[in-house]
Amino acid sequence: MDNDLKYMKEAYRQAQKALAIDEVPVGAVIVKDGQIIARGYNQREKKQQVTKHAELIAIEKACRQLGSWRLDDCDLYVTLEPCIMCSGALLNARIRRVIYGASVKRWFAFRMLMQQASPEQFNHQIEYVGGVMKEECSEMLSHYFREKRKKAKIEK
């Protein structure tokens, strides 16, 4: 758990980078053998590309770093439970573990996919832990969306 907290703090720092450029504050890091090998934060608005989620950016960097699309000895730390798009990439990359902060309740996401699929439906199973730094991650997201709503209301 100490290592989970250590790496989630780095994912949180990545989320702060997203917040600083007015992106949904989600950050991710990928760890292999106790070392961070890739970092990412949301950049959908900045890059105007739907796939520029923190997780996908980190996966791309990790693949380049390792020279392989297989990340089977790697763990992903992310401040928000991965969406279904990122979940598919995590399964295909064969990530070993996913550790996330805030949970998603508004759409079908990682945890639901893992719980509803039978083991034989996937060629790979991912271990996962939710709720690491849950309060901090949730509050950063809530603050971001509160400010967005406030700004939209003022502009009306």
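**Close-up 1. Gln43 is a buried residue in a loop.** At 10% relative accessibility, Gln43 falls under the 20% limit and so counts as buried in this predicted model. Look for Gln43 in the loop between E2 and helix H2 (44–47). Setting aside its neighbours within four places in sequence, Gln43 is in contact with Glu23, Gln48, Lys52 and Ile57.

**Close-up 2. Arg39 and Glu10 form a salt bridge.** The structure holds eleven salt bridges, and here the closest N and O atoms of Arg39 and Glu10 are 3.0 Å apart. This pair ties together distant parts of the chain: Arg39 belongs to strand E2 (residues 35–41), Glu10 belongs to helix H1 (residues 2–20), and they are 29 residues apart. The two partners don't get the same label for exposure: Arg39 is partly exposed, with a relative accessible area of 35%, whereas Glu10 is buried, at 11%.

**Close-up 3. Asp75 and Arg96 make another salt bridge.** The closest N and O atoms of Asp75 and Arg96 are 2.9 Å apart. Once again the link is between distant parts of the chain, with the partners 21 residues apart. Asp75 sits in strand E3 (residues 74–80), while Arg96 is in the loop between helix H4 (84–93) and strand E4 (97–102). Which of the two is buried, and which is partly exposed? Asp75 is the buried one, with a relative accessible area of 7%, and Arg96 is partly exposed, with 34%.

**Close-up 4. Lys150 and Glu147 pair up within a helix.** Both residues lie in helix H6 (residues 134–155), three residues apart, which is about one turn of the helix. Elsewhere, salt bridges that share partners join Asp4, Asp75, Arg96 and Arg97 into one network.

**Close-up 5. Tyr7 and Tyr77 form a tilted aromatic pair.** A search of the whole structure turns up three aromatic pairs, and this is one of them: the ring centres of Tyr7 and Tyr77 are 5.3 Å apart, with 50° between the planes. The pair spans distant parts of the chain, since Tyr7 is in helix H1 and Tyr77 is in strand E3, 70 residues apart. Are these two tyrosines, Tyr7 and Tyr77, buried or exposed? Tyr7 counts as buried at 6% relative accessibility, and Tyr77 is buried as well, with a relative accessible area of 2%.

**Close-up 6. Tyr144 and Phe145 meet edge-to-face.** A pair of aromatic rings is described by the distance of the centres and the angle of the planes. For Tyr144 and Phe145, the centres lie 5.0 Å apart and the planes are at 80°, so the pair is edge-to-face. That label follows because planes over 60 degrees apart count as edge-to-face. Tyr144 is buried, with a relative accessible area of 8%, but Phe145 counts as partly exposed at 36% relative accessibility.

Note on methods. Residues are numbered from 1 along each chain as its sequence is written. This is a predicted model: local features need pLDDT of at least 70, side-chain atom pairs count only at pLDDT 80 or more; totals for chains, interfaces and linings use all residues. Side-chain values use heavy atoms; hydrogens and water are left out. A salt bridge is a side-chain nitrogen of Lys or Arg within 4 Å of a carboxyl oxygen of Asp or Glu. Helices (H or I, at least four residues) and strands (E, at least two) are DSSP runs, numbered from the N terminus. Buried means under 20% relative accessible area, exposed over 50%, partly exposed in between (1.4 Å probe, protein chains only). Rings of Phe, Tyr and Trp (its six-membered ring) pair if their centres lie within 6.5 Å; planes under 30 degrees apart count as stacked, over 60 as edge-to-face and the rest as tilted. Contact means heavy atoms within 4.5 Å.
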